[in-house]
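Please examine the sequence and the model shown here. The paragraphs that follow lead through its parts in turn.

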Amino acid sequence: NDDQFKKVISHAKEYGYVFQSSEIYDGLSAVYDYAQNGAELKKNIRDYWWKAMVQMNEHIVGIDAAIFMHPTTWKASGHVDAFNDPLIDNKDSKKRYRADVLIEDYCAKIEGKIDKEVAKAEKRFGDAFNKEEFVSTNPRVLGYLEKINEILSRMGKSLEAEDLADVKALIEELEIADPLTGSRNWTDVKQFNLMFGTKLGASAEHAMDLYLRPETAQGIFVNFLNVQKTGRMKIPFGIAQTGKAFRNEIVARQFIFRMREFEQMEMQFFIKPGTQKEWFDYWKETRMKWHNSLGLGEENYRFHDHDKLAHYADAATDIEFKFPFGFKELEGIHSRTDFDLKQHEEFSGKKLQYFDHEDNASYTPYVLETSIGLDRMFLAVFSNALVEEALDNNTTRTVLKLPAVLAPVKAAILPLVKKDGLPDIAKQILEDLKWDFNVDYDEKDAVGRRYRRQDANGTPFCITVDHDTLEDNTVTIRHRDTMEQKRVKITDLKDIIKAEVDV
Ligand code: ATP
């Protein structure tokens, strides 16, 4: 809900995870900077993905292609002609909106009405309430559901057919208003290309028009044959990469969910034509397992299979995650056929074929793609982790229950007091542990307050050096989630932490 989302955004700022870009100049819309803790969390998510996809997978190799690509790339890929979103201007407010987002918001409002009906009935019927039965029989709820289905199917049709008049008609018919001003004075709907343009070259007349890449995938396609040959890869094999992508999103809201500069983690898996169905199922299952391995809760994920398919795909599904504003796309899994390689063959005039020694024949491979936004994954992990916990003594604590493997700081080392040689021992522990983990030293304030600070920062362990340490070389290690404290030998610390934070 809204409140939880606001808490997520302010916590991300307060604890040095995410800042607005160029904040001293009042920020830049839909552009964000990762701060000292955010950069670590983001890196850990990227590494976790890379390890699972590349390091642990002998059939997948990773590359790092340039952001700038030859401009013909984007003609071949279809982005110059078809990478558009329907845009609608408001005459009065001079604001522009994405038509599909406005309609989606409208549907979300109707869904809110359904939730209210359900809550009312639940109150009335108490224990006897059966939600499924209620939703499938209550005439008012059924009416709402029918309306949503009708809108979504018409919207799908209109947007697919690129018949912008239809989109406009739908906005007018639903009496959708400008969310900021309430005015309904729309001008025409237009298609808006989402790629950022720039120029390469010093003099105006010789400059070449370039685009900032809107996805990382094309860097993999154009390198397909180079990697296959130099890596002596045999089909099926994959090429993975992580990197920045840029989209001039018309309306970019929802914090780091939809940004103008963001990072993708993509993998293209090259397969024999005809095997795409089995690989599609394989990657659906494999990617969902990866998500579940982080322990954010299986109930927070769902598949959304596409009925309408992009021009390049013969099957597609999204992995959706339950963000504070509802279930939304986190990752896409697409069966892209041989569309991209064939297009690049046509536009470059070069063959991009694979010689299969078993079949003694050449073919253009089919491609299965997995594509996840690193920033969206960051938001999923971060928003899921932030909880307010009621404690036994009637107080609450804010704790960021990040998976230990992803936490920016693995342990904080705290001398109980700033004297009697305790800081020296604490700093020695820091020196020993920092070879293996990101660790922090904190001696300011009472130890209880320091624990709270580390809880809110997501640090899985606090190590406290006290006067007993002077006698027997033991310390207390406190676990963030259980708040349990144990007495352990300093020499065992490394193994204890490793057991939790290693994958
Ligand atoms: P959406 O429908 O939300 O705009 P999309 O279907 O255009 O996303 P893809 O082109 O399939 O997304 O990109 C793959 C992944 O890249 C998405 O699942 C998402 O995680 C991420 N992504 C796409 N656009 C953005 C953006 N503007 N900001 C952050 N992440 C993004």
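Helix 5 covers residues 99-125, and its length can be checked by simple reasoning in this predicted model. Within helix 5, the residues Ala99, Val101, Leu102, Ile103 and Tyr106 are buried. Just after helix 5 comes glycine 126, with a positive phi of about 60 degrees.

The wider arrangement of the chain comes next. The domain assignment gives domain 1 (1-73 + 208-385), domain 2 (84-193) and domain 3 (409-501). Taken over C-alpha atoms, the centres of domain 1 and domain 2 are separated by 28 Å.

The largest nonpolar core contains 56 residues, and Phe378 and Ile463 have the most contacts inside it. Helix 13 contributes seven residues, the largest share of this core. Both domain 1 and domain 3 are represented in this core, with at least three residues drawn from each. Phenylalanine 378 touches Leu41, Lys42, Ile45 and Ile256, if residues up to four places away in sequence are not counted. A second, separate core has 23 residues, among them Phe221, Phe237, Phe269 and Ile271.

The surroundings of the ligand form another topic. In the model, 16 residues surround the ligand, and the closest are Phe262, Gly332, Ser371, Gly373 and Arg376. Two or more residues of this shell come from each of strand 10 (261-271), strand 13 (326-337), strand 16 (366-373) and helix 13 (374-385). Strand 13 gives four residues, the largest share of the shell.

Proline 460 is placed in the loop between helix 15 (447-457) and strand 21 (461-465). Is proline 460 buried or exposed? A residue is buried if 20 or more other C-beta atoms lie within 10 Å of its own. Proline 460 has 24 C-beta neighbours inside 10 Å and therefore counts as buried. Not counting residues up to four places away in sequence, proline 460 touches Ala404, Ala407, Lys410, Arg480, Glu500 and Val501. Alanine 108 is 352 residues apart from proline 460 in sequence, and their C-alpha atoms are 37 Å apart in space.

Technical notes: Residues numbered from 1 in each chain as written. Predicted model: local features only at pLDDT ≥ 70, side-chain atom pairs only at ≥ 80, totals over all residues. Domains from an automatic or database assignment. Near = placed C-beta within 6 Å. Expected span 1.5 Å × (residues − 1). Buried ≥ 20, exposed ≤ 12 C-beta atoms within 10 Å, placed from the backbone. Core = buried A, V, L, I, M, F, W, Y, C linked by C-beta atoms within 7 Å. Contact = placed C-beta atoms within 7 Å.
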